[in-house]
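Colleague: I would like to learn how to read a model of this kind. Where should we begin?

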Amino acid sequence: MGHTATAQAGSGGLTATEHRLANGLRVVLSEDHLTPVAAVCLWYDVGSRHEVEGRTGLAHLFEHLMFQGSAQVPGNGHFELVQGAGGSLNGTTSFERTNYFETMPAHQLELALWLEADRMGSLLSALDDESMENQRDVVKNERRQRYDNVPYGTAFEKLTALAYPEGHPYHHTPIGSMADLDAATLEDARNFFRTYYAPNNAVLSVVGDIDPERTLAWIEKYFGSIPMHDGKQPPRDGTLPETIGEQLREVVEEDVPARALMAAYRLPHDGTREADAADLALTVLGGGESSRLHNRLVRRDRTAVAAGFGLLRLAGAPSLGWLDVKTSAGVEVPDIEAAVDEELARFAAEGPTAEEMERAQAQLEREWLDRLGTVAGRADELCRYAVLFGDPQLALTAVRRVLDVTAEEVQAVAKARLRPDNRAVLVYEPVAAAEAEDNDDAEGTDQ
Amino acid sequence: MSDAAVTMDLHPQPQPGEARPWAFPAPERGTLGNGLTVLRCHRPGQQVVAVEIFLDAPLDAEPEGLDGVATIMARALHEGTDKHSAEEFAAELERCGATLDSHADHPGVRISLEVPVSRLPKALGLLAEALRAPLFADSEVERLVRNRLDEIPHETANPARRAAKELSRQLFPASSRMSRPRQGTEETVEGIDSAAVRAFYEAHVRPATATAVVVGDLEGVDLDAVLADTLGAWTGDSAESRPMPPITADDTGRVVIVDRPGAVQTQLLIGRIGPDRHDRVWPAQVLGTYCLGGTLTSRLDRVLREEKGYTYGVRAFGQVLRSDAPASPGGAAGASMLAISGSVDTPHTGPALDDLFKVLRTLAAEGLTDAERDVAVQNLVGVAPLKYETAASVAGTLADQVEQGLPDDYQAQLYARLAGTGTVEATAAVVSAFPVDRLVTVLVGDASEIEEPVRALGIGEVTVVTG
């Protein structure tokens, strides 16, 4: 790697090569011999946005099934073999993709490739009802643990449902609903695999202490005979008008520890210069402990226990700027909301100061250095840019693009997008547990 | 099995190549003129440098009734100095692209700084300022106290946090600091002011009893010069380090249900205390605990998750609470928390606990298999180069070693000792770590649904407390 402090703004000396097998599998390789490890990352171009009505959560449930064995790998063999080789592994599902990854000691790289190829080519020969029923229960417990049984746990799901209209491919989140998880059948899972799990719908990246020629030969050997197929339909169109045009709002009465104001602003699609400008705007306003909202609400007004902005970058639909403020004891939401609106309006009118730009760019630069600082992080980013934007090389220059953005561009995106009529708002009002349950029953909420 | 035809060419499972040697990095240890211990470690390619500071300011040094003063002090260190106001300090730090976190735990206060190497000198200057000349202004401390009070209800509402708090209360005698929340309670935090924070700082923060760990790509950095200008300028007197009080716990087998009406899951935390890393049994305990509940192919998840689907995952672990090198052989030792944690759906709480205890009984009766032991060793040793790829992970482990009075080569030696640990030793260690009749079971869940089925299991007296 050998990049110097000043080369950070560029690709940091990192390089990547691209290849394509005859069956359409795209391959990205990047050498780095500093540590004897190699990361394998496989992105399938399928996420929750491809799911159809009544089958939300299927992409994620299917991701679990990918760890339940394939033609030559019995039961939990995928986990057992990787961990037994000193590797670590997992898979995740988002709106726009499903990824699988193994980080291996370099001398065990071939095993990871063999395992990924075996399930890409032969999963259906092992997939059965027992796995399906078991993983359905596991995923329902995942949903309970991560969302249903924690305070504010379903906020993201609620905000997403508000911010993207009914019928929009991003209206529901990847975890899916309990009812749909219950309704999914083994045949649904088989069809899902036949439709989306094809070499020509995937990108494989291998990063680290590798011999590129030998790695490519292994990839050809293990993946090369998997037939391509074109069953996939493009996802439903996710484009929306640039702004919502009105303020959407929902008040949630639940057994939560404090009032909260959350909001989702509709922002530019990922991959655009405007998305980078929005990232900087949100960082100045609500990233870290020197941001405008933190200074105003937590330090000066002392009305919030925490206040910040996050950016959910999306390529196939507008991105989301996610505001999260938890109030201090006794503070009412309208007081918070007025202060937030004032800060956003001031920012839109004045734009960032030179010092704020410097701080925000330095923060985003460090985040990029962190992400590219491990072989697994680099492998994931190469796949991301290959799948979503058609060019893995963009991963290596992403930080330069963030540093190129001007204060005027940051102001422009704030002015156009960070407005009350371009957001979905979620207000939490705490009530005792028993009361909250009654409300749920009254609304017929799925518990 | 379905008969879906396989249309690809199948190849036999490949064999591994030749492993490239890797060793946990050896730090270089030194002492600055002001008595500050410095560990440094060059990691080529790691452009984000990690700095860990350990301050010998343990929680049991907090004055009676002021639980949480160490936490407030740790946070207040970087909320205003002799050169920068609180807002200016945060702004300067973020201008470096740095992150700074500080927290107080039983052994002392830890501060973690991460910053791109090009801005290390400036960030270290800010860190030194926070250590050397914190303002502890009345208004900032008051703000931090109120902020902390606002955080407490959020922690209480979180099932995992609530379970941890209850387990500590159950295990340790009321006189022990360990029985009470690390960051204080509403009653104690309320009483903290800037005078108390300053007094704690003056009594326990000084370079002579502190350690700095610096890890990253340090080529081209004159670290000695940078340190001399920054952390080297911090002054203070010398002090004896406080003796660590013995740690005792009541692990009489029993069940405590923290009632959460309507909860869709039960958070479970089953624990007791056990030996620390100075004990010879540690590597065997690590190995055995991994076999019991280290991953989803370990014994617990093989049944609870992959066979029954009761949970998203249950883990067994050992975590050092506080530890120091014994003053004499067999002298006072530290302790670790040994625990099993996870959450299970409400209707299956009884059956899940029943299965969990069955797994423990079977393990005690039949022991681990050689195959389990081998896979565990291969994983624990094999993942080391992955686990320690970043500067932050190396710095964290080196600072843990300092905090626990372990030699700088402890982690490196641990891998050799793990590889030399047999199935019989690993079995003995995990069975004595998790004896079925000496475990305190905390369940955060709906008592009206789970109390009766849990009573029926006979795993100890059951009491119900309010959420």
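**Reading the two chains**

Modeller: With the domains. Chain A splits into domain 1 (13-223) and domain 2 (248-443). Keep in mind that this is a predicted model.

Colleague: How many Å separate the centres of domain 1 and domain 2 of chain A?

Modeller: The C-alpha centres of these two domains of chain A are 28 Å apart. Their contact draws 36 residues from domain 1 of chain A and 31 residues from domain 2 of chain A.

Colleague: Which elements of chain A each supply at least two residues of the domain 1 side?

Modeller: On the side of domain 1 of chain A that touches domain 2 of chain A, they are β2 (26-31), β3 (37-44), β5 (98-105), α5 (155-163) and β6 (202-208). β3(A) gives the most to that side, with 6 residues. By class, the domain 1 side in chain A has 23 nonpolar, 5 polar and 8 charged residues.

Colleague: Now chain B. What are the bounds of its domains?

Modeller: In chain B, domain 1 is 28-233 and domain 2 is 254-466. The C-alpha centres of the two domains of chain B lie 29 Å apart. Their contact uses 30 residues of domain 1 of chain B and 24 residues of domain 2 of chain B.

Colleague: Which element of chain B gives the largest share of the domain 1 side?

Modeller: Start with the contributors. β2 (37-42), β3 (48-55), β5 (108-116), α5 (159-171) and β6 (210-216) of chain B each give two or more residues to the side of domain 1 of chain B that touches domain 2 of chain B. The largest share of that side, 9 residues, comes from α5(B). Its residues divide into 17 nonpolar, 6 polar and 7 charged.

**Overall form**

Colleague: What does the same reading give for chain B?

Modeller: Chain B has 467 residues, for which a compact globule would have a radius of gyration near 23 Å; its 24 Å agrees. Its C-alpha atoms fill a box of roughly 70 × 60 × 50 Å along the principal axes. Chain B holds 17 helices and 12 strands. In chain B, 53% of the residues are buried. Residues 24 or more positions apart account for 82% of its contacts with a separation of 6 or more.

**Where the chains meet**

Colleague: How should I think about the size of an interface?

Modeller: It is often given as the accessible area lost when the parts come together. Here we count residues instead. The contact takes 76 residues from chain A and 69 residues from chain B. Elements that give two or more residues to the chain A side include α3 (109-122), α4 (129-148), α8 (212-223) and α12 (354-372) of chain A. That side of chain A divides into 30 nonpolar, 29 polar and 17 charged residues.

Colleague: Take α8(A). Which of its residues are buried?

Modeller: A:T215, A:W218, A:I219, A:Y222 and A:F223 are buried in α8(A). They cover an arc of only 100° around the axis, so they lie on the same side of α8(A). A:E213, A:R214 and A:A217 are exposed on the other side. The cover over the buried residues of α8(A) includes β2, α3 and β6 of chain A.

Colleague: What span should α8(A) have?

Modeller: At 1.5 Å a residue, its 12 residues should span 16 Å; the end C-alpha atoms are 16 Å apart, so this agrees.

**Positive phi**

Colleague: Where is B:F136 found?

Modeller: In the loop between α3 (120-132) and α4 (138-157) of chain B. The phi of B:F136 is positive too, near 50°. B:F136 is buried, with 23 other C-beta atoms within 10 Å.

How values were computed: Residues are numbered from 1 along each chain as its sequence is written. Chains are lettered from A and ligands numbered from 1 in the order in which they are written. This is a predicted model: local features need pLDDT of at least 70, side-chain atom pairs count only at pLDDT 80 or more; totals for chains, interfaces and linings use all residues. Domain bounds come from an automatic or database domain assignment. Two residues are in contact if their C-beta atoms, placed from the backbone, lie within 7 Å. Helices (H or I, at least four residues) and strands (E, at least two) are DSSP runs, numbered from the N terminus. Ala, Val, Leu, Ile, Met, Phe, Trp, Tyr, Cys and Pro count as nonpolar, Asp, Glu, Lys and Arg as charged, and the others, Gly among them, as polar. The radius of gyration is taken over C-alpha atoms; the globule rule is 2.2 Å times the number of residues to the power 0.38. A residue is buried if 20 or more other C-beta atoms lie within 10 Å of its own, exposed if 12 or fewer, and partly exposed in between; C-beta atoms are placed from the backbone. The expected span of a helix is 1.5 Å times one less than its number of residues. The arc is that of the directions from the helix axis to the C-beta atoms.
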